[in-house]
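Here is a friendly walk through a two-chain model. Please keep the viewer open as you read.

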Amino acid sequence: MPRARTAAILAALLAALLAGCGGDSDQSPADPDAPTGEAGITVYSGRIPPEIGPLIDLYEQRIGRDIEVRFGETAALAAQIVEEGENTPADVFFAQDAGALGAIQDQGRFERLPAATLERVPSRFRSTEGEWVGTSGRARVIAYGEDVNSDELPESVFGLTGEEWRGRVGWAPLNGSFQAFITAMRLTEGDDVARDFVEGMLANDVQPYENNIAIRDAIAAGEIDAGLINHYYVAQAKAEDPDYPVEIYFPPGDLGSMVNVAGAGVIAGSDQPQGAEAFVEFLLSREAQQFFSSSTGEYPLVDGIRADPSLVPLGEIPQPKIDLSEIDDLEGTLELLRSSGAL
Amino acid sequence: MVAAAAVLPAAYLVIVCADDLVATMETILRARTLAMALRSIGLAVAVTATAIAIAVPVAFLTTRTTLPGARAWATLLSLPVVIPSYVGAYTYVAALGPSGMLQGILEPLGIERLPAIYGFGGAWLVLSLFTYPLVLITVRSAIVRLDPQLEEAALVASRSRREVFRTITLPQLKPAIGAGGLLVALYVLSDFGAVSLLRFQSFTREIYISFQSSFDRGETAALGLVLVALTLALVALYAGTRRQGSHYRSSPGAVRPLRPVPLGPWKWPAIGGCTLLAALALGLPLGVLLHWASKGIGDAVDWGAVGTAAWHSLLAGGLAAALAAAAAISISVLVVRHPSPVSRLLERAGYAGYALPGIVVALALVFFGTRIALPLYQTLAMLVIALAIHFLPLAIAAISAALMQVPPRLEEAARTLGRGSLASFMTVTGPLAATGVAAGAALVLLNAVKELPATLLLAPAEFETLATQVWTETTFGFYEGAAIPALALVLLAAPPLYLLSGEGAHE
């Protein structure tokens with residue numbers, strides 16, 4: 001009998017679930033048909049709730065109604081917006097890195113932003129076409145652990161190919177910020193220098209990790225001594241644990257610690273362009289910029305808002321003249337990383 | 001209809017590739033594409049062989065022997081199926097990485113580094129440990145349906161148990177072993193999270209690079225098509241295991257339980273083996289998760305949010321399981337009872353949904369969802385359909401293996417007696433294949449609750465599941481927070497697996 005009983009129980013469970021679904025699916029199709037004046041805007045966000053949740057809450061309070069936020073991985077959301085085409089429910093794309101913003105711009109899926117919004121941010125941190133704007137900055141730094149004396153640290157990342165760093169350094173070749181860094185290196189120092197660097201690192205037994213956080217944690221665990229990451233991940237860990245055993249270093253030489261951005265744009269054909277623009281505008285407001293500075297430890301990009309005083313000021317970090325969202329430049333970087341065996 | 005929906009992911013790839021055939025061919029013919037495909041095939045072969053070698057003995061121990069606590073063992077040893085492989089890989093790296101927890105324990109002995117777990121070896125180990133339950137579940141449900149009379153007759157004819165197993169039992173189980181093995185191989189091909197954490201360069205990683213870094217949908221789709229081709233080849237291979245001979249019982253009637261084989265002196269080695277397996281596949285990951293959870297429990301855990309997420313996971317997963325089981329029954333009937341080149345091709349192409357990385361399946365459904373089903377887009381219904389399509393092969397594999405064990409003569413007899421084909425299915429075939437249907441539905445449920453990419457893209461906005469909670473927390477590097485929803489996933493999976501393992505377990 002056990003078989004019949006199991007089948008019966010499973011059937012009952014499924015029936016219960018189906019009944020539960022009936023209620024839900026009755027309501028859900030109503031959402032897309034709701035009058036546009038009533039529904040809030042929809043934001044596709046590559047930045048996750050622990051990073052921007054409080055900011056979203058603040059905005060909802062401010063405008064007195066809910067907005068809909070779909071969280072996901074930045075690249076996946078960018079691909080989704082492209083596949084959705086004109087039927088996309090998204091009004092705003094809030095991305096973790098400029099490459100994804102460039103992909104949307106490339107497909108002609110962004111609306112131009114108002115000049116007043118764009119001009120709040122220095123031109124190197126926004127789209128040259130005026131289609132997206134940087135909302136916060138992150139510097140590429142060398143993070144290091146307790147076994148490293150600060151006087152051991154090199155003038156620039158090129159020093160990490162030295163014998164004394166053999167097997168002690170981590171990087172994340174799949175990471176968008178890392179790839180942007182290599183792109184900047186190619187454009188400012190030349191393809192050959194960039195190739196020598198990548199091949200030198202590989203020859204020096206650089207350890208590949210999944211992402212910035214994995215590098216940071218590996219340094220904390222003592223698996224490696226240093227790594228190339230975005231600066232604010234360490235601040236986030238220190239917020240949880242003030243004794244977190246990782247520090248950051250802004251190499252002053254050569255390429256320096258290039259600054260990358262998170263940013264946002266308004267999706268073409270949005271049925272609520274004003275609402276969408278207002279949200280992007282809000283991300284550049286004093287509260288939002290201060291939030292990025294104090295809560296996620298990033299650089300605010302709007303003039304007059306102070307960054308964390310322990311960071312090297314934004315103005316003092318040399319910034320290569322590159323368009324952060326230029327996809328064609330990225331192709332060359334991927335080719336370099338693939339052919340050298342880094343990817 | 002159903003089969004047409006199942007081939008949507010493959011159809012999407014063809015549509016995208018058709019945009020630029022030259023670039024597609026260039027991508028497919030790159031030396032790197034071939035090299036990565038070979039690496040992935042190598043890993044898939046190794047993991048599949050290992051999973052079968054682990055799962056088949058466990059399936060027998062827990063159905064046909066006097067192993068104490070057989071049902072509990074069957075449940076425990078099936079549970080790793082619900083641990084997302086990237087979470088499993090995380091826990092393995094945390095525990096056995098060069099300076100992981102084990103190294104911490106061994107440090108007083110002067111051990112400062114452990115040999116790296118990274119590369120082929122690590123990927124092989126971790127994927128084997130988290131996929132063998134796919135074989136275990138399909139094979140257990142098949143053993144339960146075996147006709148004991150054949151084996152008894154052979155035993156009476158004074159053949160040894162070993163000989164009976166080799167000549168009678170094993171051949172009848174071939175379709176189920178083949179089906180389970182196929183699922184493992186396809187899973188390995190599709191997996192990105194585990195191989196990536198364990199630093200094994202695989203074909204799927206190649207797909208992620210093209211999609212994540214160059215935002216090149218054409219290249220992504222071209223690589224996806226290569227995976228579809230690999231899938232078709234694997235499915236053809238599997239079809240070979242079920243072509244030879246018939247696998248159904250010769251006599252009708254309820255399955256009588258066979259007298260269990262006394263383990264005798266083998267009892268302790270059997271228990272030892274099961275314990276070791278449980279420790280590696282379940283104990284280690286759960287131990288690491290519990291360790292993280294205990295660190296995180298000091299912070300306020302939002303139990304309400306975890307509860308809601310668990311309900312969402314169960315709701316979407318349960319509905320997807322029901323839908324996939326219903327669809328799989330109709331496809332399996334078509335393929336097993338009315339084989340034709342068309343039905344066969346549809347079934348095989350449907351398997352692609354499981355071999356493709358989740359993100360590719362999700363994007364295919366985004367593409368079709370916004371074009372032909374806009375009112376459903378990003379509703380629960382859409383998510384359920386997407387999950388059902390993604391995991392349909394799990395249900396087909398289990399259910400068609402079960403149908404093959406039901407003699408068609410019985411159905412024919414029912415129809416001769418005046419029943420319609422639906423009625424004869426419901427009263428004759430259905431009940432006889434019930435364990436297969438239950439196993440298929442359970443496999444879909446257990447995979448759906450841990451699914452991530454399609455859930456993120458297609459669920460109603462702010463519809464959190466346990467898997468999305470794990471993702472949010474690990475993306476943020478907060479493993480303490482990820483541990484609780486990950487543990488909840490395992491708890492959620494236990495009851496259905498316990499019900500399923502009741503089949504044929506001797507208490």
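Helices (H or I, at least four residues) and strands (E, at least two) are DSSP runs, numbered from the N terminus. On that basis, chain A holds 13 helices and eleven strands. The model is predicted, so to speak of local features takes pLDDT of at least 70 and side-chain atom pairs count only at pLDDT 80 or more, while totals for chains, interfaces and linings use all residues. Residues are numbered from 1 along each chain as its sequence is written, with chains lettered from A and ligands numbered from 1 in the order in which they are written.

Let us stay with chain A for a moment. Of its 343 residues, 50% are buried, meaning that 20 or more other C-beta atoms, placed from the backbone, lie within 10 Å of the residue's own. Residues count as in contact if their C-beta atoms, placed from the backbone, lie within 7 Å. Among the contacts in chain A with a separation of 6 or more, 76% join residues 24 or more positions apart.

Now to the place where the chains meet. Chain A brings 52 residues to the contact and chain B brings 50. On the side of chain B that touches chain A, helix H17 (residues 358-372) of chain B gives the most, with five residues. That side has 30 nonpolar, 15 polar and five charged residues; here Ala, Val, Leu, Ile, Met, Phe, Trp, Tyr, Cys and Pro count as nonpolar, Asp, Glu, Lys and Arg as charged, and the others, Gly among them, as polar.

Axes are lines fitted to C-alpha atoms, for helices over the stretch in contact, and angles run from 0 to 180 degrees between N-to-C directions.

| Helix pair | Angle | Axis distance |
|---|---|---|
| H8(B) (residues 120-145) and H18(B) (residues 380-404) | roughly 15° | within 10 Å |
| H6(B) (residues 85-96) and H8(B) | about 135° | 10 Å |

H8(B) and H18(B) are therefore roughly parallel (an angle under 35 degrees). Their contact is made by B:Thr138, B:Ser141, B:Ala142 and B:Arg145 of H8(B) with B:Ala397, B:Ala398, B:Ala401 and B:Ala402 of H18(B). By class, these are five nonpolar, two polar and one charged.

The contact of H6(B) with H8(B) involves B:Ser85, B:Gly88, B:Ala89 and B:Tyr92 from H6(B), and B:Val126, B:Leu127 and B:Phe130 from H8(B). Five of these residues are nonpolar, two polar and none charged.

Finally, look at helix H21 (residues 434-448) of chain B, where 15 of 15 residues are buried.

Note on methods:
Two residues are in contact if their C-beta atoms, placed from the backbone, lie within 7 Å. Angles under 35 degrees count as roughly parallel, over 145 as roughly antiparallel, 65 to 115 as roughly perpendicular and the rest as oblique. A residue is buried if 20 or more other C-beta atoms lie within 10 Å of its own, exposed if 12 or fewer, and partly exposed in between; C-beta atoms are placed from the backbone.
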